[in-house]
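Me: Please walk me through this model. Keep it brisk.

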Amino acid sequence: MGSEGPSIVTVHITGFKKFHGVAENPTEKIVSSLRSFIEERGLPKNLVLGSCEILETAGQGALGALYKVLESATGDRENGSSAQGQIIWVHFGVNSGASRFALENQAVNEATFRCPDELGWKPQRVPIVPSDGSISRIRETTLPVKELTKSLRKTGYDVMLSDDAGRFVCNYVYYHSLRFAEEHGIKSLFVHVPLFSTVDELVQMHFASSILEALACLN
């Protein structure tokens with residue numbers, strides 16, 4: 001009794017490809033390199049890094065691919081590999097004007113793209129999920145983002161808690177992910193990172209790894 005240790009946490013992560021105005025998306029490099037990075041660094045025994053996917057920087061036109069990625073996590077659970085633990089999605093996106101990291105607390109049911117996405121879509125004041133109601137509908141993460149932010153600050157990272165993920169593709173993906181998470185009993189978090197020219201690539205790799213470690217400690 002009491003000697004089982006913390007339950008298994010499986011974290012699946014996504015990043016984005018380049019898009020208008022951002023020739024090199026740091027999240028593509030972070031997500032592509034994170035598995036090898038943490039294999040060298042090591043992770044808590046109860047933490048499993050699941051899929052690492054790079055998404056098209058697009059909304060409606062990339063929805064099928066997004067749901068295929070999201071459903072891969074629940075498919076693992078149905079196959080028994082994650083049956084005993086928590087499944088968490090962590091989505092990384094870039095905020096090219098930011099100077100620090102941001103954990104996003106919520107997403108809004110509104111798509112108002114400042115420029116066309118990579119598949120040419122430029123919605124204005126359109127509900128992301130019409131059946132959810134108006135564009136003012138908000139979905140919040142069920143993860144303790146205040147505690148996570150405090151923990152990461154103590155580790156030495158310049159990180160803030162945010163209630164505004166924008167109205168572009170990052171918010172679009174996060175809204176769908178939060179809705180999917182609620183329906184399937186899993187959790188979701190969106191993390192905005194600066195450009196590598198603002199915060200060094202190695203610092204960002206350590207930060208991404210530290211998020212996974214912090215999530216493992218929530219049990």
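Reply: Patches first: they are made of residues with over 30% relative accessible area and no salt bridge, with like charges joined within 9 Å and nonpolar side chains (Val, Leu, Ile, Met, Phe, Trp, Tyr) within 5 Å. A salt bridge is a side-chain nitrogen of Lys or Arg within 4 Å of a carboxyl oxygen of Asp or Glu. The model is predicted: local features need pLDDT of at least 70, side-chain atom pairs count only at pLDDT 80 or more, and totals for chains, interfaces and linings use all residues. Residues are numbered from 1 along each chain as its sequence is written, and side-chain values use heavy atoms, without hydrogens and water.

Me: Which residues form the positive surface patch?

Reply: Lys and Arg count as positive here. Accessible areas come from the Shrake-Rupley method with a 1.4 Å probe. The patch is formed by Lys146, Lys150, Arg153 and Lys154.

Me: Is lysine 146 buried or exposed?

Reply: Lysine 146 is found in helix α3, residues 145–155. Buried means under 20% relative accessible area, exposed over 50%, partly exposed in between. Lysine 146 reaches 57%, so it counts as exposed.

Me: What phi does arginine 125 have?

Reply: Arginine 125 is in the loop between β5 (106–108) and β6 (138–140). Its relative accessible area is 59%. Most residues other than glycine have a negative phi. Arginine 125 is not a glycine, yet its phi is positive, about 55°.

Me: What separates the C-alpha atoms of alanine 65 and leucine 55?

Reply: Alanine 65 is found in helix α2, residues 63–78. Leucine 55 is 10 residues apart from alanine 65 along the chain. Their C-alpha atoms are separated by 7.9 Å.

Methods
Charge placed at Lys NZ, Arg CZ, Asp CG, Glu CD. Helix = DSSP H or I, 4+ residues; strand = E, 2+ residues; numbered from the N terminus. Buried < 20%, exposed > 50% of the residue type's maximum accessible area, 1.4 Å probe, protein only.
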